[in-house]
Amino acid sequence: MSNRVVCREASHAGSWYSASGSQLNAQLEGWLSKAESTIRPARAIIAPRRVFILGPSHHVPLSRCALSPAEIYRTPLYDLRIDHKVYADLWKTGLFERMSLQTDEDEHSIEMHLPYTAKAMESHKDEFSIVPVLVGALSESKEQEYGKLLSKYLADPSNLFIISSDFCHWGQRFRYTYYDESQGEIHRSIEHLDKMGMGIIEQLDPMSFTNYLKKYRNTICGRHPIGVLLNAVAELKKSGAEMNFSFLNYAQSSECRNWQDSSVSYAAGALIAH
């Protein structure tokens, strides 16, 4: 029986971001130095012991959520440890699949948050662990089930949750060309559509978000991880928890003006517990 530690390599380093630790460190320092502070510090920023990262599955069909076979996630900065105890507890529920290492390394949604996580936590790098969860195309009832399961971890102030998602993928190459002419140019229509969804997320109402997606079919790749988070919050609010969510930034990869153009939208926000 082998005692070899299973490591997930930083498979997108060198293509999606720098594989050089020193260069990546300098880039992250530069970007983070330009970030504006929120009105109050998010609970998650206060040196969490455990970082949950929920990312959508882009390449493998999944109807449930999946856990990694790895014990270590490599980054160009330093290695991140998976929390074995939490993984064992999640596995015991019978609700999770085990993805292959190949599937894990092919997927980018979780990995793209690892360099930022490593950089933000570098002064505590020996004191925290990660809990990566690959989220499949969940039904509404499954989003509720996983939200209820994860709500106890969200309630723990020593945990941080990162939800990986882009917003609208617009253009013929994405097979999505919704356009509301009343908003003016196409990129304005996309922004209006995205900000409608962002406003609903800020209400922390999972059913309203589900209805928005059904009506507009907005191509938000992390809609299911977002749905899980909203259901986790809804579960905590039943017992009197007070939380609010605010979006902090929004951008588009390009300004679409005609039907040949394409773009991907990006939004960043924070959940604050009172």
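# Questions on a predicted structure

Student: In which loop is Arg-217 found?

Tutor: Helices (DSSP runs of H or I, at least four residues) and strands (runs of E, at least two) are numbered from the N terminus. Arg-217 is found in the loop between α7 and α8.

Student: What kind of model is this, and what limits apply to it?

Tutor: Residues are numbered from 1 along each chain as its sequence is written, and side-chain values use heavy atoms, with hydrogens and water left out. Local features need pLDDT of at least 70, side-chain atom pairs count only at pLDDT 80 or more, and totals for chains, interfaces and linings use all residues, since the model is predicted.

Student: Is Arg-217 buried or exposed?

Tutor: A residue is buried under 20% relative accessible area, exposed over 50% and partly exposed in between, with a 1.4 Å probe and protein chains only. The relative accessible area of Arg-217 is 59%, so this residue is exposed.

Student: What is the phi of Arg-217?

Tutor: Most residues other than glycine have a negative phi. Arg-217 is not a glycine, yet its phi is positive, near 55 degrees.

Student: How far does helix α5 reach from its first C-alpha to its last?

Tutor: Helix α5 covers residues 140-155, which is 16 residues. The expected span is 1.5 Å times one less than the number of residues. For α5 the expected span is 22 Å, and the helix comes close to this with a reach of 22 Å.

Student: At which residue does α5 bend?

Tutor: A bend is the angle between axes fitted to the seven residues ending at a position and the seven starting there. Buried residues of α5 include Tyr-146, Leu-149 and Leu-150. The bend is about 35 degrees, and it lies at Leu-149.

Student: At what angle do the axes of α5 and α8 cross?

Tutor: Axes are lines fitted to C-alpha atoms, for helices over the stretch in contact, and angles run from 0 to 180 degrees between N-to-C directions. The axes of α5 and α8 (residues 223-238) come within 7 Å and cross at roughly 60 degrees.

Student: Which word describes α5 relative to α8?

Tutor: Angles under 35 degrees count as roughly parallel, over 145 as roughly antiparallel and 65 to 115 as roughly perpendicular, and the rest count as oblique. The roughly 60 degrees between α5 and α8 therefore makes α5 oblique.

Student: How many residues of strand β7 are buried?

Tutor: Side chains in a regular strand alternate between the two faces of the sheet. On one side of β7, Ser-129, Val-131, Val-133 and Val-135 are buried, and on the other Ile-130, Pro-132 and Leu-134 are buried. For strand β7 (residues 129-135) the count is 7 of 7.

Student: What distance separates the C-alpha atoms of Pro-132 and Ile-53?

Tutor: Pro-132 lies in strand β7 and is buried, with a relative accessible area of 0%. Although Pro-132 and Ile-53 are 79 residues apart along the chain, their C-alpha atoms are separated by 4.8 Å.

Student: Which residue is the bridge partner of Phe-52 in β8?

Tutor: Two strands pair if DSSP finds at least two bridges between them. Strand β2 (residues 50-56) runs parallel to β8 with 5 bridges, and parallel to β7 with 7 bridges. In β7 the partner of Phe-52 is Val-131, whereas in β8 it is Phe-161.

Student: Why is β8 described as largely enclosed by the rest of the structure?

Tutor: Strand β8 covers residues 159-163. It is largely enclosed because the number of its 5 residues that are buried is 4.

Student: Which residue of β7 is the bridge partner of Leu-67?

Tutor: Strand β3 (residues 65-67) pairs with β7 in the antiparallel sense over 3 bridges. Within β7, the partner of Leu-67 is Val-133.

Student: Which residue of β11 stands opposite Phe-247?

Tutor: β10 and strand β11 (residues 263-273) pair over 9 bridges in the antiparallel sense. Opposite Phe-247 stands Gly-269.
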